[in-house]
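Subject: Structure handover and notes

Hello,

Here is the structure for your work. My notes on it follow below.

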Amino acid sequence: MDLAEIEATARAAHAGQTDKAGRPYAEHLHAVAEGVRLRGGDDEQIAAAWLHDAVEDDRLSPAWLEGAALTRRTKDIVLAVTKRPGEPPEAYAARILATPGALLVKEADLAHNADPARLAVLDDATHARLTAKYARMRALLGLDAGR
């Protein structure tokens, strides 16, 4: 699959889904893919950025991912950034750090999730909870607060 096909697949998989602020979920996927590109990511990482939430959100199955015409590295990155039910943040961060290329995708994801403009539209409790959650994950991943 080329990047245009991957983008179309991701957009279709997340059709009708919205983020916590009520925005179309595809906006988040686009922002993460663009964030990866701007950070110097390659096509495999950009592909993983488009698909980074598809398995986690049950929009595409692990079997679909395994059978998809994607590189092994892209599949591994998607699996690395897919949170597992009940998984401690430390284990999640360790898997990301152990998977070549995954850290850049997660960094772009966190950057968009923690965008002050996105957080500003949330209620105070959700804003505070997510801000703390994203800061903790950045710390576990060794990402400095200024990036």
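On one side of helix 1, A4 and A12 are exposed, where exposed means over 50% relative accessible area, buried under 20% and partly exposed in between, with a 1.4 Å probe and protein chains only. Before going on: this is a predicted model, in which local features need pLDDT of at least 70 and side-chain atom pairs count only at pLDDT 80 or more, while totals for chains, interfaces and linings use all residues. Residues are numbered from 1 along each chain as its sequence is written, and side-chain values use heavy atoms, with hydrogens and water left out. Helices are DSSP runs (H or I, at least four residues), numbered from the N terminus.

Helix 1

Helix 1 covers residues 3-13, and its buried residues are I6, A10 and A13. Viewed down the helix axis, the buried residues of helix 1 fall within an arc of 65°, so they line one face of the helix; the arc is taken over the directions from the helix axis to the C-beta atoms. These buried residues pack against helix 2 (25-38) and helix 3 (43-51), contact meaning heavy atoms within 4.5 Å. At the start of helix 1, the backbone nitrogen of A4 has a side-chain oxygen of D2 within 3.1 Å. For such polar contacts the criterion is a pair of N or O atoms within 3.5 Å; within protein, one must be able to donate a hydrogen and the other to accept it, and residues adjacent in sequence count only if both atoms are side-chain atoms.

Helix 5 and the residues around it

In helix 5 (residues 72-81), T74, K75, I77, V78, A80 and V81 are buried. The cover over these residues includes helix 3, helix 4 (62-67), helix 6 and helix 7.

T74 belongs to helix 5 and has a relative accessible area of 2%, so it counts as buried. A polar atom of the T74 side chain lies 3.1 Å from the backbone oxygen of E44. Leaving out residues up to four places away in sequence, T74 touches E44, A47 and A48.

T71 sits in the loop between helix 4 and helix 5. Its relative accessibility is 36%, which makes T71 partly exposed.

T99 is in the loop between helix 6 and helix 7 and is buried, at 15% relative accessibility. Apart from neighbours within four places in sequence, T99 is in contact with D76, I77 and A80; I77 and A80 are among the buried residues of helix 5.

Other loop positions and helix 2

Is G41 buried or exposed? G41 is buried, with a relative accessible area of 14%, and its place is the loop between helix 2 and helix 3. G41 touches V36, I46 and L104, again not counting residues up to four places away. G41 and L104 are 63 residues apart along the chain, and their C-alpha atoms are separated by 7.1 Å.

L38, in helix 2, is exposed at 61% relative accessibility. L38 and A108 are 70 residues apart in sequence, with a C-alpha to C-alpha distance of 9.3 Å.

D58 lies in the loop between helix 3 and helix 4. Its phi is near 60°, a positive value in a residue other than glycine. D58 is exposed, with a relative accessible area of 69%.

The largest pocket

The largest pocket holds about 620 Å³ of space. A pocket here is an open set of points on a 1 Å grid over the protein atoms alone, where a 1.4 Å probe fits, with protein on both sides within 12 Å along at least five of seven lines; lining residues have an atom within 4 Å of a point. Grid points are joined across faces, edges and corners, and the volume is the space filled by probe spheres set on the points.

Its lining has 31 residues, and K20, K83, N113, K133 and Y134 lie nearest the centre. Helix 2, helix 6 (89-98), helix 7 (102-113), helix 8 (116-120) and helix 9 (124-141) each supply at least two lining residues. Helix 9 gives the largest share, six residues. By class, the lining has 13 nonpolar, five polar and 13 charged residues. Nonpolar covers Ala, Val, Leu, Ile, Met, Phe, Trp, Tyr, Cys and Pro, charged covers Asp, Glu, Lys and Arg, and the others, Gly among them, count as polar.

Regards
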